[in-house]
Amino acid sequence: AEQESWELALTQKEMDQASEFLGFNHKNLIAVSVGTKHPVKDWGEENWATLLALLSREMLDTTVILLGSVDERERSEKLSRAWTGGNINLCGKTSPRIAAGVLKQCRLFIGHDSGPMHLASAVGVPTLGLFSWLTPPGQWFPGHRSWKFIKVLYPALPRGGWKADLQMKQGASEGIRLIRPRDVFQSAMELWRRDVSSAASSNIRTDSEVPS
């Protein structure tokens with residue numbers, strides 16, 4: 001489907017409801033989703049804690065917004081302690097459309113291959129997706145009006161390439177856990193520093209604008 005067909009057409013009422021969850025926190029927001037229903041997609045709590053600590057040292061005066069389902073709330077709360085700035089845990093508190101309204105007010109989203117990741121890209125937020133070997137490279141990657149504002153980190157494949165039953169052979173400790181926190185940090189900072197105001201006006205994908 002064309003990217004334009006993914007437009008959610010959020011109403012002003014939905015945006016106002018999203019703003020209520022944020023209170024006065026409307027500047028320098030980063031959204032993170034650390035949960036997943038598939039163990040093979042789980043980057044791991046240690047990796048997330050390391051990443052959040054690294055980012056919070058660079059993203060001063062920034063509030064992290066944690067998004068996900070209600071059963072991901074406790075884990076998100078635990079990991080939010082690695083963030084030295086403000087945080088708002090909205091896991092289980094919003095509908096998908098209101099979550100999209102929250103995301104629309106953020107400067108960056110980081111998360112697993114998940115519903116929140118696709119919502120983020122749908123509303124035009126610079127998006128960094130962390131993928132496992134559950135699906136082959138390219139499948140379910142996020143879309144965006146400008147590929148300059150999408151980064152995908154996919155673990156290097158073992159010898160022999162991707163196979164449908166690869167995740168069962170390798171186990172949850174392989175695949176996505178091979179992605180290093182430092183690499184995620186560097187990719188996140190590249191997106192954070194880009195001029196997000198140009199994202200909406202850049203609708204043409206060129207050969208040089210493929211996902212990293």
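This is a predicted model: local features need pLDDT of at least 70, side-chain atom pairs count only at pLDDT 80 or more; totals for chains, interfaces and linings use all residues.
1. Residues are numbered from 1 along each chain as its sequence is written, and side-chain values use heavy atoms, with hydrogens and water left out.

2. Now the layout. The protein has 7 helices and 6 strands, and from the N terminus on they run α-β-α-β-α-β-α-β-α-β-β-α-α. Helices (H or I, at least four residues) and strands (E, at least two) are DSSP runs, numbered from the N terminus. Of the 212 residues, 50% count as buried; buried means under 20% relative accessible area, exposed over 50%, and partly exposed in between, with a 1.4 Å probe and protein chains only.

3. Helix 4 is worth a look. This helix is mostly covered, with 6 of its 8 residues buried, namely I98, A99, A100, G101, V102 and L103. Those buried residues pack against helix 1 (12–22), strand 1 (29–33), strand 2, strand 4 (108–112) and helix 5.

4. Let us follow that last partner. Helix 4 (residues 96–103) packs on helix 5 (residues 115–122) at an angle of about 55 degrees, and their axes are 9 Å apart. The axes are lines fitted to C-alpha atoms, for helices over the stretch in contact, and angles run from 0 to 180 degrees between N-to-C directions. Helix 4 and helix 5 are therefore oblique to each other: angles under 35 degrees count as roughly parallel, over 145 as roughly antiparallel, 65 to 115 as roughly perpendicular and the rest as oblique.

5. On the residues at this contact, P96, A99, A100 and L103 of helix 4 meet P116, L119 and A120 of helix 5. By class, the contact has 7 nonpolar, no polar and no charged residues. Here Ala, Val, Leu, Ile, Met, Phe, Trp, Tyr, Cys and Pro count as nonpolar, Asp, Glu, Lys and Arg as charged, and the others, Gly among them, as polar.

6. T127 lies in strand 5 (residues 127–130) and counts as buried because its relative accessibility is 0%. Leaving aside residues up to four places away in sequence, T127 touches F109, M117, A120, S121, P142, F149, I150, K151 and L191. Its side chain also reaches the backbone oxygen of V125 at 2.6 Å.

7. The loop between helix 2 (45–58) and strand 2 (63–66) holds D61. This residue has a positive phi of about 55 degrees although it is not a glycine. For context, most residues other than glycine have a negative phi. D61 is exposed, with a relative accessible area of 72%.

8. T62 is found in the loop between helix 2 and strand 2 too, but T62 counts as buried, at 3% relative accessibility. Not counting residues up to four places away in sequence, T62 touches N28, I30, W83, G85, G86 and W192. A polar atom of the T62 side chain lies 3.1 Å from the backbone oxygen of M59. T62 and R107 are 45 residues apart in sequence and 10.0 Å apart in space, C-alpha to C-alpha.

Conventions
Contact means heavy atoms within 4.5 Å. A polar contact is a pair of N or O atoms within 3.5 Å; within protein, one must be able to donate a hydrogen and the other to accept it, and residues adjacent in sequence count only if both atoms are side-chain atoms.
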